[in-house]
Amino acid sequence: MKTFKKPLSKEQESRYIALSKQGDILARNKLIEYNLRLVAHIIKKYQVNNKDTEDYLSIGTIGLIKAIDSYDEIKGNRLATYASRCIENEILMYLRQERKEQRETSLFDPIGKDKEGNEVSLIDIIDSGEKPIINSIIITTELEQLSKIFHKVLTSREQLILSLRYGLFNNKAQTQKSIASSLNISRSYVSRIEKKALLKLRSALNE
C-alpha cells in the first residue's frame, strides 16, 4: 500500500477546516490528503485480498470527503473520529450492496481483453445510452419524483456520481475525469459506478 502523510497537528487541522468551510479547495484537498492514512487503516478490517485495495481506498475516500464536507467542529468531536464513522458507513453500505448483487449475474465479470490488454466486461460493450436515460427521467418526472427514485434505488455513492456527472440537483455537469480528480479516485471507477447506477434507474423506470 502507498505511503501516506503523517496526520496534521490540531492547529493545522483547525485552520484547514476553517478555510475549507469558506470554500478553499486547496484546504479541502489538504484535509483529504492528510487523512488518507485513516482510510487505509480502516479498510484493513474489511479488505479480503490485495486486489480489492483500489476499490476499498476509493470507497473509503468518498466517505472521507463526505465527512470533511459535513464536519462541524463546534460539536466537539475531532475530525478523525467523525471521519472514521463516515468511512466505515460508506464501506458497510458497499458491502451490503455487494452481498445483494452476489445473487445476480454480474455484468462486470471479465469476458476478455481489449487490444491494449485491459479487461473488458459485458457492461463495457453494452450500449446503455446513458444520457437518453437521464434525459427521459428528467422529461417524464418532476424533480421531487426524480429525487425519490434516486434515494430509493441508488446508493449514496451512486447518487453523488450521477448528480455530478449530469448536473442534477443544482450541480454543474462534469466529465468522468473531472469527477475522478475531485473525489481522488480513478476515472475507470467513476465509469463503473455511473454505468451500474444508470442500469438501476433504467430497471426502476421499467417496473
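Are Y56 and Y94 buried or exposed? Both Y56 and Y94 are buried, where buried stands for under 20% relative accessible area, exposed for over 50% and partly exposed for in between (1.4 Å probe, protein chains only). Some notes on what surrounds them follow.

1. Before you start: this is a predicted model, so local features need pLDDT of at least 70 and side-chain atom pairs count only at pLDDT 80 or more, while totals for chains, interfaces and linings use all residues. Residues are numbered from 1 along each chain as its sequence is written, and side-chain values use heavy atoms, with hydrogens and water left out.

2. Let's take the helix pair. Helix α2 covers residues 25-43 and helix α3 covers residues 53-70; they pack at an angle of about 130 degrees, and their axes are 9 Å apart. (Helices are DSSP runs of H or I, at least four residues, and strands are runs of E, at least two, numbered from the N terminus; axes are lines fitted to C-alpha atoms, for helices over the stretch in contact, with angles from 0 to 180 degrees between N-to-C directions.) That angle makes α2 oblique to α3, given that under 35 degrees is roughly parallel, over 145 roughly antiparallel, 65 to 115 roughly perpendicular and the rest oblique.

3. Who meets whom? On the α2 side, R28, L31, I32, N35, L36, V39, A40 and I43 meet residues of α3 that include Y56, G60 and L64; contact means heavy atoms within 4.5 Å. The residues of this contact split into 11 nonpolar, four polar and two charged. Here Ala, Val, Leu, Ile, Met, Phe, Trp, Tyr, Cys and Pro are nonpolar, Asp, Glu, Lys and Arg are charged, and the others, Gly among them, are polar.

4. Have a look at I32, which sits in helix α2. I32 counts as buried because its relative accessibility is 4%. Leaving out residues up to four places away in sequence, I32 touches T61, L64, I65, I68 and N184.

5. Now the rings. The whole structure has two aromatic pairs; rings of Phe, Tyr and Trp (its six-membered ring) pair if their centres lie within 6.5 Å, with planes under 30 degrees apart called stacked, over 60 edge-to-face and the rest tilted. Y56 and Y94 are edge-to-face, at 5.9 Å centre to centre and 80 degrees between the planes. This pair links helix α3 to helix α4 (residues 79-101), 38 residues apart.

6. Y71 and Y82 form a tilted pair, with 5.8 Å centre to centre and 40 degrees between the planes. Y71 is buried, at a relative accessible area of 5%.
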